[in-house]
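Let us walk through this structure one residue at a time. Keep the sequence and the 3D view side by side.

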Amino acid sequence: MSNALGRGNIGEAFEVKLIEVRSSNCVGCRLCEMVCSLTREHECSTTKSRIKIFRDEEFGYNLISLCMQCADAYCIESCAYGALNRDSKTGTVLVDDQLCNGCEDCVVACPVGAIALDKEKDIVFKCDLCGGEPECVKVCSREALIIKDTDPASHERKSLIAETSKALSQMEGG
Amino acid sequence: MYGWAGQRLKVYLTEGKIVKEPLSEEFRLNYLGGRGLNSKTLFDELKPDIDPLSPENILMLAVGPLNGTAAPASARWTITAKSVLTRGLGDGNGGGDFSAEMKFAGYDQIIFYGRSHKPVYLWINNDQVELRDAAHLWGKTTWETNHLLWKELGDRETRVLCIGPAGENLVPLAKVFANMTRTGGKGGMGAVMGSKNLKAVAVRGTGAVKIARPAEFFRAVKHAYEKLMASPFLRMFKEQGTLFLIRSASQWRALSTRNAQSGYFEGWEKLTSEAFESQYAVKHRGCFACPISCSHYYRVKEGPYATHGESNEYGTTYPFASKCGIDNLSAVLFMNTLCDQLGLDTHSCGNTISFAMDCWERGLLTAKDTDNLELKWGNVDAVIQLLPKIAYRQGFGNLLAEGSLKASKQINGSEACLRTVKGLEVSALYLGPVTNLAQALAYATSTRGADHLRGGVMLYSIGLSRLIEILGGEMAVKRMIEEPRSTEGKGVLVAFDQDFSAFFNSLEVCNWVVGQMHQALNPDDLAKLLSSCTGAEMTGDDLMRIGERIYNVERAFNIREGMGRKDDTLPRSFFVEEKTPWGPTGMSEDRFQEMLDEYYQFRGWDREGIPTQEKLKELGLGNIVEQLK
């Protein structure tokens with residue numbers, strides 16, 4: 001780890017533990033969504049989950065929508081209130097509940113649809129990697145979610161984000 | 001309210017009226033949800049002796065307290081009505097993730113009364129519920145219906161449960177379908193839905209299932225998850241799915257072949273999970289919250305049987321394959337997808353066609369009866385041509401559409417070809433040389449007709465430690481299980497297994513993740529999940545007692561419909577004792593009756609199989625005693 005990055009984006013290469021999503025392995029069981037909402041919101045709900053699975057019914061092309069902790073984080077740039085910041089130690093993008101005003105600019109900016117608005121609290125929520133021990137990964141029995149040392153600025157990571165983003169927009173388009 | 005949504009919908013189709021009402025504590029604590037809730041409602045609300053296809057029948061869809069939570073494999077739903085095939089209790093249990101969506105929308109049960117004067121579908125968008133015109137959907141396949149509704153409702157995350165043309169045409173072999181391919185409702189639930197002019201239920205739910213003690217529930221979830229992942233059986237099952245049974249059943253000489261004339265099919269190696277994996281499987285598919293994800297997507301890329309679909313199970317493969325003498329797996333996959341689209345039950349449909357083939361081979365049917373289809377064993381194309389004929393009731397298909405029992409009444413001398421109990425086709429296993437007699441007893445006494453899922457003694461469940469406790473010693477239990485040809489103790493074994501399945505079906509947890517035989521979840525594990533989820537304190541024993549209550553209510557329903565000891569029997573072919581190279585098969589009727597006596601006695605039923613007053617009172621069902629006289 002080099003310098004403290006504050007709210008900015010990642011400049012130089014370093015490795016942190018991030019979740020790698022492998023949508024082609026996903027079987028669409030959505031246990032990750034249930035465990036996420038249970039541990040973070042103390043209830044079970046797909047809309048309160050930080051991870052979201054889109055199931056295609058006819059062919060089984062499932063897609064995983066989850067914060068990729070992008071090196072060039074559009075969400076951080078989009079936030080006029082400074083409510084989104086990167087944790088300098090973990091590389092994780094976090095929401096400051098005190099600063100968020102629920103404008104949803106980051107929701108629109110996110111290329112993989114991984115930020116959502118909690119309508120009751122009027123603030124956004126997103127994956128924070130459960131502080132380094134993500135529960136969703138532990139219950140994924142098909143290795144569609146894997147935690148591994150990753151360079152967020154690497155070419156592989158960026159192309160994974162681009163691919164996921166493209167697939168999600170195609171799915172939403174029908 | 002924790003666990004349960006706490007609300008049920010009553011949809012009066014004749015009047016076009018929808019009423020929401022709370023789900024009472026009496027129902028929640030005594031019947032849990034799903035199957036139990038439906039069975040009790042059927043007993044309470046249905047008038048005896050009505051025609052199953054009349055507006056007087058009621059159709060119910062229910063989920064349980066664990067659906068829509070992190071409890072592993074809590075994905076099932078149950079559809080219930082009076083059965084068209086058995087004229088007794090009819091229900092079916094399906095997977096996918098429809099059940100979770102229904103919970104997130106806020107409902108435990110939907111009850112349909114009457115008959116709509118025109119085709120409609122029910123649209124549930126959280127608390128907004130309305131009946132909508134379905135003229136444009138009528139006549140469409142299940143898959144077309146899904147696509148049309150997604151387009152109309154503008155949300156691909158909407159989950160659809162619907163019938164195909166078979167249900168619309170009141171075919172008793174029709175089921176209902178959720179998630180395009182996940183099906184339930186043997187005995188004609190699809191036809192009952194069709195008789196109500198109800199094409200589909202579309203649900204979108206964005207709410208939450210509240211959890212009473214989240215941290216404790218999470219620990220119970222983790223415990224259950226780890227237990228399932230550690231089971232060697234489930235590790236195998238996770239890869240192979242139910243098709244592993246083709247190999248096992250072949251080894252046990254229990255793969256029902258050519259209308260159950262034998263338990264060995266010479267072409268079995270072309271049908272195994274290995275053959276499927278290497279040629280047609282695309283990827284796995286999991287039902288909601290299930291870490292096992294045993295189902296597969298498949299694709300036959302080219303050739304006459306090019307197709308794609310999901311969920312080709314053992315229960316599809318053997319009826320169309322070995323049972324019809326067919327060893328072409330790609331053709332079987334084609335038939336599976338076709339049945340899913342037309343809305344047909346692969347079990348009953350394959351078994352009915354197998355019955356017709358048997359009749360043909362014995363010369364009881366000729367080309368002029370069958371619209372010139374040659375129903376010889378192994379004639380793939382004849383089967384494929386028959387499926388739409390059955391769904392649309394065309395020509396010879398119209399006769400088979402009624403199921404094998406009714407069809408046999410029109411075919412002189414065909415009674416010997418029948419493989420039904422209470423009018424429902426025998427599913428899953430061949431009653432053969434190694435058949436545990438407990439399995440035979442389970443088929444005979446199942447509340448919905450011949451059925452491998454209520455007391456599937458050979459396959460799963462068995463609350464072993466409880467049995468040992470009750471019977472006072474491990475040896476007695478071992479003898480019951482390991483001596484499959486002995487009648488001793490089988491009644492106890494079956495009753496236990498039936499109660500077990502009655503409550504886990506009511507929790508709507510999948511039958512593949514329960515049972516001690518393969519080191520999966522036992523009643524205590526399920527009780528921990530349920531208690532921490534709902535806050536209702538229950539032990540494994542409490543759940544077994546609920547299972548017994550449910551089973552007795554179902555039995556009482558069938559008794560009130562005129563069933564009794566005479567109906568607790570097996571196909572005639574089973575009562576012939578034969579020696580085969582693999583061992584003796586069949587049993588005498590006398591030995592069967594002994595087993596039945598023991599079962600009734602352990603159940604607390606009289607000699608006619610009617611629950612006694614004492615038993616009903618003990619189960620808190622004293623108020624239904626009068627109705628059984």
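C290(B) counts as buried because it has 29 C-beta neighbours inside 10 Å. A residue is buried if 20 or more other C-beta atoms lie within 10 Å of its own, exposed if 12 or fewer, and partly exposed in between, with C-beta atoms placed from the backbone. This is a predicted model, in which local features need pLDDT of at least 70, side-chain atom pairs count only at pLDDT 80 or more, and totals for chains, interfaces and linings use all residues. Residues are numbered from 1 along each chain as its sequence is written, while chains are lettered from A and ligands numbered from 1 in the order in which they are written.

Where does C290(B) lie in chain B? It is in the loop between β14 (281-285) and β15 (295-300). Helices (H or I, at least four residues) and strands (E, at least two) are DSSP runs, numbered from the N terminus.

C290(B) touches C29(A), P72(B), A73(B), A75(B) and C510(B), leaving aside residues up to four places away in sequence. Contact means that two C-beta atoms, placed from the backbone, lie within 7 Å. E361(B) is 71 residues from C290(B) in sequence, and their C-alpha atoms are 44 Å apart in space.

Now turn to chain A. R30(A) sits in the loop between β1 (16-21) and α1 (31-41). Its phi is positive, near 65°, and it is not a glycine. R30(A) has 26 C-beta neighbours inside 10 Å, so it counts as buried.

Q69(A) lies in the loop between β4 (63-65) and α2 (74-78) of chain A. Q69(A) is no glycine either, yet its phi is positive, about 50°. Is Q69(A) buried or exposed? Q69(A) is buried, because 27 C-beta neighbours lie inside 10 Å.
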